[in-house]
Structures are given as structure tokens and as C-alpha cells.
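These are my notebook entries on one protein chain. I record what I looked up, one topic at a time.

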Amino acid sequence: MRERRLEGRVCVVAGVLGDMGEVVARRFADEGGIVVGIDRRPHAIGELPLIADLTDEDAVAAAYASVAERFGRLDVLYNNAGPLDPDDHSALDTTLETWNRVIASILTATWLSCKHAIPHMGKGASASSVINTASFLAGMGAATGQMAFNAAKAGVEQLSRDLGVHLARGNIRVNALAIGPIETREIRATFERIGPDQAARRFTHMPMGRFGTLEELAATAAYLASDDAGFVTAGSFPLNGGIPGAFTVPDLPPRLR
């Protein structure tokens, strides 16, 4: 039987639709959390499903006011901002419209959610937890990466560090989750789009030789949300299969083949 580390805690998943948001919401509920799902599209996820454009400050403020009115507080915030944009490429050939759209959907959305959720946090016996989704690409160069996406995710990391320090004595922990390639429908479609040669090139730099699973993502989020991570704040928590540490990836030693 799974531990119920989030028993009775009000857990908001902002950007709840899609593979990652849905699996995190389900894991929080399995661990006893009272889940609130927020997304710009209609949905029925959580005990209080809310619809809001996370880049619209008035809509975001109203959504978190609804959470506070219904439950009196907020204990866990998981900001699942950051869809890949097919028009986001090199900084040399990305349009200003695309750049602004990507920055808004990732960094601005995360900031607005933090701005309007955090005043309702830190009211429980245990520390509240904010988990902002960043990317392993935020800390390394990527010639093939989407550059507006990478820059926005680097901003999410720094915002999380600053908030983590600022709120450390306020009973609120803040961390970024530096996510690597997790096997979602979106990433499968991306790898199919770039073709087998480019896909093989990318897998060469993955020490574990595979995508991460949605279950591994959800378990890591639940850890950061729980008291088990009580001394973890103002950090960037890696979930990347060791990619940033791999200069070269060795063949399997003969004795292990």
C-alpha cells in the first residue's frame, strides 16, 4: 500500500492537463492529497477543477482566491508550465512573437502562480512546498534545443532559488524540478519528427539509454511535496538520468554484457 504522505494537504497542480500534469495529480491524490487542478481548457481533474489562463494575472488571482475560499489554505503547488513550441528554434531565427509566447507560457505563468498562491501557503503544521518545473537543459548548452524554452526554464530555476531563500523562514519550501526527457506522447512525437538519425544522436548522450517514466516523475514530485524533503529548498532537483554529467557514454563493460 502506498504511503499517504500528503494526507489532507491541499495540492494545486497548475497546468494539470497533459501526461505530466495528470500523473502528478493522480499521485498526489493517491498519497492522500486534496487535489485542485487548474488549466486553461475544461477538465474534471481534482476535487476543485478550475479553468484559468495561467498567463492572465486576473484569472490566476481569482483561481487561487477560489482555492483559499474553499479550503482555507494551500499546502502544495506544482507548476507544470512549459509546453514545447514547434516554432522555437535557434535564437537567431526565432520570431519575437514566438519568443514572447514561450517566455509567457513558462516563466511568466510560473511567476504569476507563485505570486498569487504563496500568500495562501505556510499556514499548516508542516512546511508548504512549491515545485516549479524546470529542465535539465537550463544548466547546459544545447545546440539542438529550443532556445526560448531553455532560457525560460533557466529563469524558473533562478526564481525558485530566490523564492526558496526568501521564504525559508516562512514555513514554505521552494524548489525547481530539473526534468530530463520523460516519456510522454509529446516527446515521442518530437523524436518521431526529428527522425531516427537525430533520435539516435540524442540517445547517445543518455547514460541510462532510455526516457524517464511518468511514474518516476510523479514519485519525485510527491517526495518534494512531502515532509521527507523537509530540508530541501532553494534548489534545482535533478530528474534527468545523469545526462548533464555525461561527457561520453561508455559501452557496457564486457563482464556485464
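Which residues of α2 are buried? I began with this question, bearing in mind that the model is predicted.

**Entry 1: helix α2**

I found that Val 60, Ala 63, Tyr 64, Val 67 and Ala 68 are the buried residues of α2. I then looked up how they are placed around the axis: they cover an arc of only 135 degrees, so they lie on the same side of α2. The general rule I noted here is that an α-helix has 3.6 residues a turn, so residues three or four places apart point the same way.

Next I turned to the face of α2 directed away from the buried side, where I found the exposed residues Asp 58 and Glu 69.

I also looked up the extent of the helix. Helix α2 takes in residues 57-71, which is 15 residues. From its first C-alpha to its last it reaches 21 Å, close to the 21 Å expected at 1.5 Å a residue.

At the start, a side-chain oxygen of Asp 56 comes to within 3.0 Å of the backbone nitrogen of Asp 58. Just after the helix, Gly 72 has a positive phi of about 85 degrees.

**Entry 2: strand β1**

Five of the five residues of β1 are buried, so the strand is largely enclosed by the rest of the structure. I noted which way they point: Val 10, Val 12 and Ala 14 go one way, Cys 11 and Val 13 the other, and all are buried.

Which residue in β2 stands opposite Val 13? I found Gly 37 there. Five bridges join β1 to β2, and the two strands run parallel. I also recorded that β1, helix α1 (residues 19-30) and β2 make a right-handed β-α-β unit.

For the pairing of β1 with β4, I counted four bridges, and these strands run parallel too. Val 12 stands opposite Leu 77 in β4.

**Entry 3: the whole sheet**

In what order do the strands of the sheet stand? I read the order as β3-β2-β1-β4-β5-β6-β7, seven strands in an open sheet with parallel pairing. The edges are β3 and β7, each with a single partner strand, so one side of each has no neighbour in the sheet.

I followed the sheet from β4 to strand β5 (residues 128-135) and found four bridges between these parallel strands. Here Tyr 78 has Ile 131 in β5 as its bridge partner.

**Entry 4: two threonines**

I looked up Thr 98 in helix α3. Is Thr 98 buried or exposed? Its relative accessibility is 4%, so Thr 98 counts as buried; the cut-off is under 20%. Thr 98 touches Asp 85, Asp 87 and Asp 88, leaving aside residues up to four places away in sequence. I also noted that Thr 98 and Pro 86 are twelve residues apart in sequence and 9.3 Å apart in space, C-alpha to C-alpha.

I then looked up Thr 220, which is found in helix α6 (residues 214-225). Thr 220 has a relative accessible area of 12% and is buried. A polar atom of its side chain lies 2.8 Å from the backbone oxygen of Glu 216. Leaving aside residues up to four places away in sequence, Thr 220 touches Leu 177, Phe 237 and Leu 239.

Where does Asn 171 lie? I located Asn 171 in the loop between α4 (147-166) and β6 (172-179). Its phi is near 65 degrees, a positive value in a residue other than glycine. With a relative accessible area of 26%, Asn 171 is partly exposed.

Ala 234 was my last item. Ala 234 is found in the loop between α6 and β7 (235-239). The phi of Ala 234 is near 60 degrees, again positive in a residue other than glycine. Ala 234 is partly exposed, with a relative accessible area of 24%.

Definitions and conventions. Residues are numbered from 1 along each chain as its sequence is written. This is a predicted model: local features need pLDDT of at least 70, side-chain atom pairs count only at pLDDT 80 or more; totals for chains, interfaces and linings use all residues. Side-chain values use heavy atoms; hydrogens and water are left out. The expected span of a helix is 1.5 Å times one less than its number of residues. Buried means under 20% relative accessible area, exposed over 50%, partly exposed in between (1.4 Å probe, protein chains only). The arc is that of the directions from the helix axis to the C-beta atoms. A polar contact is a pair of N or O atoms within 3.5 Å; within protein, one must be able to donate a hydrogen and the other to accept it, and residues adjacent in sequence count only if both atoms are side-chain atoms. Two strands pair if DSSP finds at least two bridges between them. A crossover is right-handed if, with the strands pointing away from the viewer, the path from the first strand over the helix to the second runs clockwise. Contact means heavy atoms within 4.5 Å.
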